[in-house]
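Reader: I have a model open and want to learn how to read its features one by one. Please walk me through them.

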Amino acid sequence: MTRGFDFIPSILWHPHQGLWNLELMAHVTRLTRNQQEFEKVLTLIVRTDTFIRFFFAILERMATLGPLALYRKAAIPQGTEVLYLDLGTHEQGKELAFSIDRILGPIGGDVKAYGFEANQQTHSRAVARFASRPNVTIIRKALVFEVPPNGEIKLYKDQEKGLGDSLYRQTAETEVVECCRLSEFLNSNKLLKPGQIRLLRMNIEGAEYDVVQDLVEAGMVKAIDGYFGMWDDVYKIDPPRDVEFRRLLREQHIKSIPFNGRDMNWPPRQRLITYHVHTRIMQAIRRIAKERLAQKSLQPLSSPQ
């Protein structure tokens, strides 16, 4: 979807943010006369962006699952494990909670969720936030492509309660944190299992490229059934590097959809995200069925008595 819109000026369709983008909103802020007028224009922009994305989400579902799946809700077979990775959970974990309670909870499955939050303070609050959920583990590590010899890296802290903490966007306040590659974390904890649905949402302020590079090099990028999140910070921090990032996404056929804090305030966005995640889950269920069939066909026939 991104590639097809590259010829459009970024104010009309940003390669990551879409129509609902910061550049356009800055113009809206200057041109509107009051808050009420701004809210009306914002609502129009969000609804239009959502409609466009819904249109492509529907086309994708029809192309991959057939027209009969257009209005179908996903139903995870009993006993099927869902590995959910939330990179950049923050202290409230709104997106993680929404995924577990509103997207995955109603359709079954044995959900095992891992949230990553590097900032010590926000990590502690996220741990407290999900303390009553035994299926959620919050990890205090930064995710990188190259791990320094001492296994630590500098985290630049923002002034927005950790929302903009970054390994790349430099600020005066810093914190030294442990880091690792996502592939190594998955391998060392033996989290990838046969017959499993795997979903990944990330918004890690410019380190998204590192994670995708890591998964590609480790041969795991195809093991993830669905990618989600807002991956615009590479564009903000280093535009030439973002060109490489988007090229890698195209080469690996990774199609993400925005899923971050701002979407949680808009029910239409929640419905769009849910629809898209359900598509990925149905694709994963079909993949698992094919793998089991292929494995069964390879089993030797029992010898006659």
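Reader: Which residues does Leu87 touch, not counting residues up to four places away in sequence?

Author: Start with a general idea. Nonpolar side chains tend to be buried together in soluble globular proteins. Now the case here, in what is a predicted model. Leu87 touches Phe116, Leu143, Leu182, Leu200, Arg201, Met202, Asn203, Ile204 and Val211, leaving aside residues up to four places away in sequence. Leu87 also belongs to the largest nonpolar core, which holds 37 residues. Leu87, Leu182, Leu200 and Leu215 touch the most other members of that core.

Reader: Which elements each supply at least two residues of this core?

Author: The strands are β1 (81-87), β2 (110-116), β4 (142-143), β6 (174-180) and β7 (197-202). The helices are α5 (182-188), α6 (208-217) and α8 (239-251). The largest share, 4 residues, comes from α6. There is also a second, separate core of 35 residues, with Leu70, Ile197, Leu199 and Met282 among them.

Reader: I see α6 and α8 in that list. At what angle do α6 and α8 pack?

Author: For a helix pair, read the angle, then the axis distance, then the contacts. The angle between α6 and α8 is about 40 degrees, and their axes are 10 Å apart. On the α6 side, the contact is made by Glu208, Tyr209, Asp210, Val212, Gln213 and Val216. On the α8 side, Arg241, Glu244, Phe245, Leu248 and Leu249 take part.

Reader: Are α1 and α2 roughly parallel or roughly antiparallel to each other?

Author: Helix α1 (residues 22-31) and helix α2 (residues 35-65) pack at about 155 degrees, with axes 9 Å apart. Over 145 degrees counts as roughly antiparallel, and α1 and α2 therefore belong to that class. The α1–α2 crossing is right-handed. Leu24, Met25, Val28, Thr29 and Leu31 of α1 meet Glu37, Phe38, Val41, Leu42 and Ile45 of α2.

Reader: How many residues of α3 are buried?

Author: α3 is mostly covered, with 8 of its 11 residues buried. They are Glu95, Leu96, Ala97, Phe98, Ser99, Ile100, Ile103 and Leu104. These buried residues pack against β1, β2, α4, β3, β7 and α9 (267-298).

Reader: Next, charges. How many salt bridges are there?

Author: The general idea first. Side chains of opposite charge can pair when their charged atoms come close. In this model the count comes to 24 salt bridges. Take Arg133 and Asp101, whose closest N and O atoms are 2.9 Å apart. Arg133 is in the loop between α4 (120-129) and β3 (136-139), and Asp101 is in helix α3 (residues 94-104), so the pair ties together parts 32 residues apart in sequence. Arg133 counts as buried at 19% relative accessibility. Asp101 is partly exposed at 38%.

Reader: Where do Arg241 and Asp210 lie?

Author: Arg241 lies in helix α8 and Asp210 in helix α6, so their pairing ties together parts 31 residues apart in sequence. The closest N and O atoms of this salt bridge are 3.3 Å apart. Both residues, Arg241 and Asp210, are buried. Both are also among the contact residues of α6 and α8.

Reader: Which residues are linked in a network of salt bridges?

Author: Arg169, Glu205, Asp232, Asp233 and Lys236 form that network. Glu205 has a further feature, in its backbone.

Reader: What is the phi of Glu205?

Author: Most residues other than glycine have a negative phi. Glu205 has a positive phi of about 50 degrees although it is not a glycine. Glu205 is in the loop between β7 and α6, and counts as buried at 9% relative accessibility. His90 also has a positive phi, near 65 degrees. His90 lies in the loop between β1 and α3. The relative accessible area of His90 is 12%, which is buried.

Terms used
Residues numbered from 1 in each chain as written. Predicted model: local features only at pLDDT ≥ 70, side-chain atom pairs only at ≥ 80, totals over all residues. Heavy atoms only, no water. Core = buried A, V, L, I, M, F, W, Y, C linked by side-chain atoms within 4.5 Å. Buried < 20%, exposed > 50% of the residue type's maximum accessible area, 1.4 Å probe, protein only. Contact = heavy atoms within 4.5 Å. Salt bridge = Lys/Arg side-chain N within 4 Å of Asp/Glu carboxyl O. Axes fitted to C-alpha atoms, helices over the stretch in contact; angles between N-to-C directions. Parallel < 35°, antiparallel > 145°, perpendicular 65-115°, else oblique. Left-handed = near helix turned anticlockwise from the far one by under 90°.
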